Amino acid sequence: MADALSKLLEDDKAEDLIVVELQGKSSLADFMIIASGRSGRHVAALADHVAQEVKKLTGRTPSVEGMPNADWVLIDTGDVIVHLFRPEVREFYNLEKIWASDKSAHRSNAT
C-alpha cells in the first residue's frame, strides 16, 4: 500500500516525498508518508486522490482529517498514515525530525 500511494503522489506532483518505516517504532501504522503540495488546493486534490485510491485498493474509506483548510491533511489507512502539507506548515511542524531520525526513512526518487 505504501508503494502504491507513494507512486500516486509522485504522479500527482507531490513535492519532497518521504516514506518512513514505522515497524518496530510505533504500533500506529507500518509506514508514514510525508509530502507537500504547492498550495492548499493542491494539498486538497492530493488528499482526495489518495482517499479514492485507498477506497479502490481496500474497499474501505480511510479516515481523513484537515480537509477544510488543507494546510495539513492526515489520511489514516490503518497500515499507512499519509501527511500532506503546504510547504510552510510542513517546515513549522517538521515531522521528519521526529520520525525520520534514522535510516528508516527514504526520499522518493521522483523528479
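This is a predicted model: local features need pLDDT of at least 70, side-chain atom pairs count only at pLDDT 80 or more; totals for chains, interfaces and linings use all residues.

1. On its pairing with strand 1, strand 2 shows the antiparallel sense, with five bridges between the two. Glu-15 has Ser-36 of strand 2 as its bridge partner. Strand 2 covers residues 31-36, and five of its six residues are buried, so the rest of the structure largely encloses this strand.

2. The largest nonpolar core holds 21 residues. Those that touch the most other members are Leu-5, Leu-9, Ile-33, Val-50, Ile-75, Val-82 and Leu-84. At least two residues of this core are supplied by each of helix 1 (2-11), strand 1, strand 2, helix 2, strand 4 (72-76) and strand 5. Helix 2 gives the largest share, namely six residues. As background, nonpolar side chains in soluble globular proteins tend to be buried together.

3. How many salt bridges does a search of the whole structure find? The search returns six. One of them is formed by the side chains of Arg-90 and Asp-16, at 3.8 Å from N to O. This pair links distant parts of the chain, for Arg-90 lies in helix 3 (residues 87-93) and Asp-16 in strand 1 (residues 15-21), 74 residues apart. The two partners fall into separate accessibility classes: Arg-90 counts as buried because its relative accessible area is 5%, under the 20% limit, whereas Asp-16, at 42%, is partly exposed.

4. Salt bridges with shared partners join Asp-16, Arg-90 and Glu-96 into one network. The side chains of Glu-96 and Arg-90 are additionally joined by a polar contact of 2.4 Å. Glu-96 is placed in helix 4 (residues 95-99) and counts as buried, with 14% relative accessibility.

5. Within helix 2 (residues 40-58), Lys-56 and Glu-53 are three residues apart, about one turn of the helix. Their salt bridge has its closest N and O atoms 3.4 Å apart. Is Glu-53 buried or exposed? Glu-53 is buried, since its relative accessible area of 15% is under the 20% limit. Lys-56 is exposed, because its value of 63% is over 50%. Glu-53 touches Leu-5 and Leu-8 as well, when residues up to four places away in sequence are not counted. Leu-5 is also among the residues named above as touching the most other members of the largest core.

6. The salt bridge between the side chains of Glu-88 and Arg-86 deserves a check, as its N to O distance in the model is 1.8 Å. Glu-88 counts as partly exposed, at 44% relative accessibility.

7. Most residues other than glycine have a negative phi. Asp-16, however, has a phi near 50°, a positive value. Asp-16 is found in strand 1, and its side chain is the one that meets Arg-90 in the salt bridge discussed above. Asn-94 likewise has a positive phi, near 45°. Where is Asn-94 placed? Asn-94 belongs to the loop between helix 3 and helix 4, and at 31% relative accessibility it counts as partly exposed.

Note on methods
Residues are numbered from 1 along each chain as its sequence is written. Side-chain values use heavy atoms; hydrogens and water are left out. A salt bridge is a side-chain nitrogen of Lys or Arg within 4 Å of a carboxyl oxygen of Asp or Glu. Helices (H or I, at least four residues) and strands (E, at least two) are DSSP runs, numbered from the N terminus. Buried means under 20% relative accessible area, exposed over 50%, partly exposed in between (1.4 Å probe, protein chains only). A polar contact is a pair of N or O atoms within 3.5 Å; within protein, one must be able to donate a hydrogen and the other to accept it, and residues adjacent in sequence count only if both atoms are side-chain atoms. Contact means heavy atoms within 4.5 Å. Two strands pair if DSSP finds at least two bridges between them. A nonpolar core is a set of buried Ala, Val, Leu, Ile, Met, Phe, Trp, Tyr and Cys residues joined through side-chain atoms within 4.5 Å.
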